[in-house]
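I am opening a notebook page on one protein chain.

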Amino acid sequence: WESGLAWVAECDAPGRAPVAPATQDLQAIAAARVLLSAGQSREAIQRFRSAVEATRQAPRGLAVAILATWARLQLEGGSEDEAVAALGDAVRLASVHGHIRSIVDAGAELAPLLAPLHEANVTAEPGLPVTHLRRIERAFAEGRGVGVHTPAGPPRRPGPRLSPDVHLTPRETEVLGLVAEGLSNKGIARRLGTRVGTVKKQVSTILRKTGAHNRTHAATLARSLRLTATRE
């Protein structure tokens, strides 16, 4: 990742020869993935924002990949609602030409966000291409795409070694199951008939108990660990 960061710095060097728009987009996507892999999500978001704004004003050939990468960055930055919205834009655009890899290559971490898109399609935002959405789901399930694997550089805050049993309350177990389904905090609150603030606290407790780095990691752990519910 050190050589990758050096390349990103070269791209920003003053006096660098201008390149074609398509090359600019490729460089922006590659730079975002390098920074993300190095654990520098904030820098990646700041650097990538201009590419997203240009794409939304005048979509080009790599527009789907740019929007999917933006969704990945927003998810990493903790803005799940913005990530879902960006992924929805990417799916709509991808369905026009049947693009799949452009989305899947942005990282398997995006897979859980497809469930909120299904939910939005039924409720608040009908019109998503459901058939193509399901194709993308299958591609994620089959492990297609190069993905963005993080972290490859400076390690994030490591979680403790997990024991075979992680003890959660019945409600925490229910919340974790909904997280694994890909629901946002707002979606979980609606499903359980509670407040978003309450869900946020429960998710925070779940992350602490499981040692997960983030909600995507917790969803993965939910499938690999035997979770034991305890009485509240």
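The entries below go from the whole chain to single helices, a ring pair, a cavity and a few residues.

**Entry 1: ground rules.** I am working with a predicted model, where local features need pLDDT of at least 70, side-chain atom pairs count only at pLDDT 80 or more, and totals for chains, interfaces and linings use all residues. Residues are numbered from 1 along each chain as its sequence is written, and side-chain values use heavy atoms, with hydrogens and water left out.

**Entry 2: the whole chain.** I looked up the helices and strands first. Helices (H or I, at least four residues) and strands (E, at least two) are DSSP runs, numbered from the N terminus. The protein chain has twelve helices and two strands. Along the sequence I read α-α-α-α-α-α-α-α-β-α-α-α-α-β. Next I checked burial. Buried means under 20% relative accessible area, exposed over 50%, and partly exposed in between (1.4 Å probe, protein chains only). Of the 232 residues in the protein chain, 42% are buried.

**Entry 3: helix H5.** I checked the length of H5, residues 80-97. The expected span of a helix is 1.5 Å times one less than its number of residues. For the 18 residues of H5 that gives 26 Å, and the end C-alpha atoms are 26 Å apart, so the two agree. Buried residues in H5 include Glu-80, Val-84, Leu-87 and Val-91. Gly-98 follows H5 and has a positive phi, near 75 degrees.

**Entry 4: helix H8.** H8 covers residues 130-141, twelve in number. From first C-alpha to last, H8 reaches 16 Å, close to the expected 16 Å. Which residues of H8 are buried? I found His-132, Leu-133, Ile-136, Ala-139 and Phe-140. Down the axis of H8, these buried residues fall within an arc of 115 degrees, so they line one face of the helix. The arc is that of the directions from the helix axis to the C-beta atoms. Thr-131 and Ala-141 are exposed, on the face of H8 turned away from its buried side. Just after H8, Gly-143 has a positive phi of about 75 degrees.

**Entry 5: helix H11.** I repeated the check on H11, residues 196-210. Its 15 residues should span 21 Å, and the end C-alpha atoms are 21 Å apart, which agrees. Val-199, Gln-202, Val-203, Ile-206 and Thr-210 are buried in H11. Why do I say that the buried residues line one face of H11? Seen down the axis, they fall within an arc of 100 degrees, so they line one face. Lys-201 and Arg-208 are exposed on the other side of H11. Gly-211 follows H11, with a positive phi near 75 degrees. Val-203 and Asn-214 are eleven residues apart in sequence and 9.3 Å apart in space, C-alpha to C-alpha.

**Entry 6: aromatic rings.** Rings of Phe, Tyr and Trp (its six-membered ring) pair if their centres lie within 6.5 Å; planes under 30 degrees apart count as stacked, over 60 as edge-to-face and the rest as tilted. By this rule I count one aromatic pair. The ring centres of Phe-48 and Trp-70 are 6.4 Å apart and the planes are at 25 degrees, so the pair is stacked. Phe-48 lies in helix H3 and Trp-70 in helix H4, so the pair ties together parts that are 22 residues apart in sequence. Phe-48 and Trp-70 are both buried.

**Entry 7: a cavity.** A cavity is a set of points, on a 1 Å grid over the protein atoms alone, where a 1.4 Å probe fits but cannot get out; lining residues have an atom within 4 Å of a point. I found one cavity of 30 Å³ or more in the whole structure. The volume of the largest cavity is about 80 Å³. Its lining includes Leu-75, Glu-80, Pro-112 and Arg-215. Helix H12 gives the largest share of this lining, three residues.

**Entry 8: two exposed residues.** Ala-108 sits in the loop between helices H6 and H7. Ala-108 counts as exposed, at 54% relative accessibility. How far apart in space are Ala-108 and Phe-140? They are 6.4 Å apart, C-alpha to C-alpha, and 32 residues apart in sequence. Glu-2 is in helix H1 and is exposed, with a relative accessible area of 61%. Glu-2 and Ala-38 are 36 residues apart in sequence and 8.4 Å apart in space, C-alpha to C-alpha.

Terms used. On a 1 Å grid over the protein atoms alone, a cavity is a set of points where a 1.4 Å probe fits but cannot get out, and a pocket is an open set with protein on both sides within 12 Å along at least five of seven lines; lining residues have an atom within 4 Å of a point. Grid points are joined across faces, edges and corners, and a volume is the space filled by probe spheres set on the points.
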